[in-house]
Amino acid sequence: MKIGIVVNPASGGYGRHRIWPALRQSLVAQFAGIKFFETEGTGDAARYARALSDAGSDLVVAVGGDGTIGEAVDGILTSDRPETPFAFVPGGTGADFARNFSFPQSPEAIVTALVNAPVRAVDVGRLSCLDDDGRAFTRHFINIASLGLSGPTVRAVNKARRDRRTPGSRQFLYHSVVELLRYRADKVRVLIDDEDVHEGPITVVAVANGRWFGGGMKVAPAADIADGLFDVVVIRAASKPTILRLMNRIYSGAHVSHPLVSIHRGRRVEVLPADESKGRLALIDCDGEGPGTVPATFEVLPGALRLKI
Ligand SMILES: Nc1ncnc2c1ncn2[C@@H]1O[C@H](COP(=O)(O)OP(=O)(O)OP(=O)(O)O)[C@@H](O)[C@H]1O
């Protein structure tokens with residue numbers, strides 16, 4: 001079996017750094033000829049995963065956070081062999097996609113689970129938006145792409161992670177609150193399968209394949225990664241104290257019944273700047289990375305990824 005492992009040595013999980021040497025040893029013992037590739041920056045996980053897939057790997061495994069996992073998925077799906085099976089070992093700051101599954105703790109158990117796991121088809125999202133220089137940009141995402149308050153928040157979290165300022169999962173909560181205090185509600189028009197569902201100021205619009213984002217916020221509690229549909233969560237704008245209280249409810253999923261929240265299902269989501277946005281373009285979060293701004297489309301690719309988990 002030809003296996004390639006793509007590792008982000010900088011992903012946030014302190015736990016992963018503790019278990020990584022033992023995990024690497026267990027992987028080497030289990031899979032003869034296994035190859036490891038360490039990322040050095042943005043885009044490397046996609047490039048390595050694409051090259052491994054093109055080279056005929058039987059399995060590509062990402063070790064890292066949501067950004068690394070999402071990039072690796074993008075690499076496989078843009079390769080000549082998008083059917084290449086994919087697995088991952090979570091190691092990020094937020095590790096939100098991993099929350100959709102249960103993972104064993106010990107390196108040996110992780111490797112045993114990897115060997116025995118079935119391969120199943122899961123949905124993937126494809127984001128098309130503008131990058132920060134206004135050029136067309138496309139990327140696949142496996143978990144959640146969103147915009148509004150989450151856009152500046154992921155940028156702040158990623159900057160803090162690069163500067164190694166605040167430790168671990170509290171980064172998301174801290175930066176969500178700081179960015180909320182600065183946030184001027186983005187004004188957008190949201191269409192789902194060509195139907196207008198919202199026009200006006202928002203706190204967040206989340207286009208969800210998985211259920212969690214923001215380091216443990218269960219924003220789309222009923223999302224299913226294999227139903228062929230996005231769950232689209234629209235949280236309208238309100239006063240900052242109201243949003244702070246609502247934010248607290250998102251961790252448990254209790255926000256769904258709040259009058260500011262509406263949840264929709266669909267295959268294609270289009271988000272445009274609203275007429276009154278005055279040229280301010282909402283920032284996008286895509287699997288915990290900040291690739292650009294609206295206007296954006298989000299398309300679901302039903303069953304596009306063969307996930308071994
Ligand atoms: N060797 C490296 N040094 C610094 N940054 C890196 C390196 N390799 C990849 N990166 C950056 O790491 C980011 C992805 O991090 P990843 O998502 O895996 O971890 P995380 O941010 O800690 O986790 P999560 O997204 O789950 O919160 C990418 O933006 C990429 O540019």
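Ala206 touches Ile144, Ser146, Phe213, Val219, Ala220 and Val233, leaving aside residues up to four places away in sequence; contact here takes C-beta atoms, placed from the backbone, that lie within 7 Å. This is a predicted model, in which local features need pLDDT of at least 70 and side-chain atom pairs count only at pLDDT 80 or more, while totals for chains, interfaces and linings use all residues. Residues are numbered from 1 along each chain as its sequence is written.

**Domains**

- The protein chain is divided into domain 1 (3–117) and domain 2 (124–302), with bounds that come from an automatic or database domain assignment.
- The centres of the two domains, taken over C-alpha atoms, are separated by 25 Å, and 16 residues of domain 1 are in contact with 23 residues of domain 2.

**Core**

- The largest nonpolar core has 78 residues, and Val61, Ala72, Val205 and Ala206 are those with the most contacts inside it; such a core is a set of buried Ala, Val, Leu, Ile, Met, Phe, Trp, Tyr and Cys residues joined through C-beta atoms within 7 Å.
- Domain 1 and domain 2 both give residues to this core, so it lies between them.

**Strands**

- Six of the seven residues of strand 10 (residues 230–236) are buried, meaning that 20 or more other C-beta atoms lie within 10 Å of their own, with C-beta atoms placed from the backbone; strands are DSSP runs (E, at least two residues), numbered from the N terminus.
- Strand 9 (residues 195–208) pairs with strand 10 in the antiparallel sense over six bridges, where pairing requires that DSSP finds at least two bridges.

How values were computed: A residue is buried if 20 or more other C-beta atoms lie within 10 Å of its own, exposed if 12 or fewer, and partly exposed in between; C-beta atoms are placed from the backbone. Two residues are in contact if their C-beta atoms, placed from the backbone, lie within 7 Å. Helices (H or I, at least four residues) and strands (E, at least two) are DSSP runs, numbered from the N terminus.
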